[in-house]
Amino acid sequence: MNQLEALKAFTTVVADTGDFKQLAAFQPQDATTNPSLILKAVQKPEYAPLLKETVAAHRGKPLDEVVDRLLVRFGTEILSIIPGRVSTEVDARLSFDEDATYTRAERLIELYQAAGVPTDRVLIKIASTWEGIRAAERLQQRGINCNLTLLFSFCQAVACGQARVQLISPFVGRIYDWYKKQAGAGWDEAAMAGANDPGVQSVTRIFNHYKRHGIATEVMGASFRNAGQITALAGCDLLTISPELLAQLAATEAPLPRALDAAAARALDLPAVQYDEPAFRLALNQDAMATEKLAEGIRAFIADAEKLEALMQAA
């Protein structure tokens, strides 16, 4: 048994890609997309016609609507290959607008429904800002499941659990990146690997908190830099993994033990935690890493969304 097969015994494996032609080889349960992944995909020759077809079919409609139609087109193609769910992201420019996020999520769901895709096969990805979490809470109450992304801090995870969102995506690799950059020449890669990796530690803390307090929100580790981060989180509810790292796991025969255990977490002595808006904003502000990476992530997704729009306008 290779490590990818072993991981699937503990954890739901999710493919982190817009390149749906790669999916069949790894047989993931779910798949996630974001503006950066879609932008990367449509610049490949095999996906360029899909972009052109979408633009041609909806020429004259508002650009933001055409973009959403392209995202849904990719999502429906992905769902024809995988058995589970696909995550499709709301425009990051709406990250601080609760009502606009809610409305855009509704439109994405309506487009999926028009394509014959049941609502329960779609997760709406929303940035884990206070406004994004509030929009997700309202969407969940309507039966629209959400994936709260760009999640770097414990307070974001707690607030998402309070809002009863379906799933969160803590970003392991970007947390690791921040601490490695801060340490500079003093960073000891070997000493900070595995369970000592700060990204791994963040997800472990969130996982244990959720399981200890019976919070149903699913934890999906994301944004991995190496296979060691993945194997250190074996047992997490879900892990979303790039095709490159999926291939690396599939090529590795080393044993893979369970690292996270819900039953063990339920026995831990962990205090219950709640955040209202002022407490959330203060806790996020006091976490320099999370504040910086959240802002940086939103900016990066906006930049790639704008590049995608430029490609569509030129098509």
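My entries follow, one topic at a time. I keep in mind that this is a predicted model.

**Entry 1: α14 against α15**

I started with helix α14 (residues 277–286) and helix α15 (residues 288–314), whose axes come within 5 Å and cross at roughly 95 degrees. I then asked which residues make the contact. On the α14 side I found Leu 284, Asn 285 and Gln 286, and on the α15 side Ala 288, Ala 290, Thr 291 and Leu 294. Sorted by class, the contact has four nonpolar and three polar residues, with no charged ones.

**Entry 2: α5 against α15**

Next I checked α15 with α5. Here the axes come within 11 Å and cross at roughly 100 degrees, so α5 and α15 are roughly perpendicular to each other as well. From α5 I noted Leu 63, Val 66, Val 67 and Leu 70, which meet Leu 308, Glu 309, Met 312 and Gln 313 of α15.

**Entry 3: ring pairs**

How many aromatic pairs does the structure hold? I got seven, and I wrote up two of them.

Tyr 47 and Phe 74 have ring centres 5.8 Å apart and planes at 40 degrees, so I logged the pair as tilted. Tyr 47 sits in the loop between α3 (35–42) and α4 (48–57), while Phe 74 belongs to helix α5 (residues 63–79). The two are 27 residues apart, and the pair links distant parts of the chain. Both Tyr 47 and Phe 74 are buried.

For Tyr 176 and Trp 187, the ring centres are 5.7 Å apart and the planes stand at 85 degrees, so this pair goes down as edge-to-face. Tyr 176 is in helix α9 (residues 172–183) and Trp 187 in the loop between α9 and α10 (198–212), so the pair ties together parts eleven residues apart in sequence. Tyr 176 counts as buried at 7% relative accessibility, and Trp 187 also counts as buried, at 14%.

Back to Tyr 47 and Phe 74 for a moment: together with Phe 20 they form one aromatic cluster.

**Entry 4: Thr 240**

I picked Thr 240, in strand β8 (residues 238–241). Is Thr 240 buried or exposed? Its relative accessibility is 3%, so I put it down as buried; the cut-off for that is under 20%. The side chain of Thr 240 is joined to that of Thr 32 by a polar contact of 2.9 Å. Skipping neighbours within four places in sequence, I listed the contacts of Thr 240: Val 14, Ala 15, Asp 16, Thr 32, Met 220, Gly 221, Ala 222, Ser 223 and Phe 224.

**Entry 5: positive phi**

Last, I looked at phi. Gln 27 has a positive phi of about 50 degrees although it is not a glycine. I found Gln 27 in the loop between α2 (23–26) and β2 (30–32), and at 62% relative accessibility Gln 27 counts as exposed.

Leu 150 is no glycine either, and its phi is positive, at about 50 degrees. Where is Leu 150 found? It is in strand β5 (residues 146–151). With a relative accessible area of 0%, Leu 150 is buried, whereas Gln 27 is exposed.

Conventions. Residues are numbered from 1 along each chain as its sequence is written. This is a predicted model: local features need pLDDT of at least 70, side-chain atom pairs count only at pLDDT 80 or more; totals for chains, interfaces and linings use all residues. Side-chain values use heavy atoms; hydrogens and water are left out. Axes are lines fitted to C-alpha atoms, for helices over the stretch in contact, and angles run from 0 to 180 degrees between N-to-C directions. Helices (H or I, at least four residues) and strands (E, at least two) are DSSP runs, numbered from the N terminus. Contact means heavy atoms within 4.5 Å. Ala, Val, Leu, Ile, Met, Phe, Trp, Tyr, Cys and Pro count as nonpolar, Asp, Glu, Lys and Arg as charged, and the others, Gly among them, as polar. Buried means under 20% relative accessible area, exposed over 50%, partly exposed in between (1.4 Å probe, protein chains only). A polar contact is a pair of N or O atoms within 3.5 Å; within protein, one must be able to donate a hydrogen and the other to accept it, and residues adjacent in sequence count only if both atoms are side-chain atoms. Rings of Phe, Tyr and Trp (its six-membered ring) pair if their centres lie within 6.5 Å; planes under 30 degrees apart count as stacked, over 60 as edge-to-face and the rest as tilted. Angles under 35 degrees count as roughly parallel, over 145 as roughly antiparallel, 65 to 115 as roughly perpendicular and the rest as oblique.
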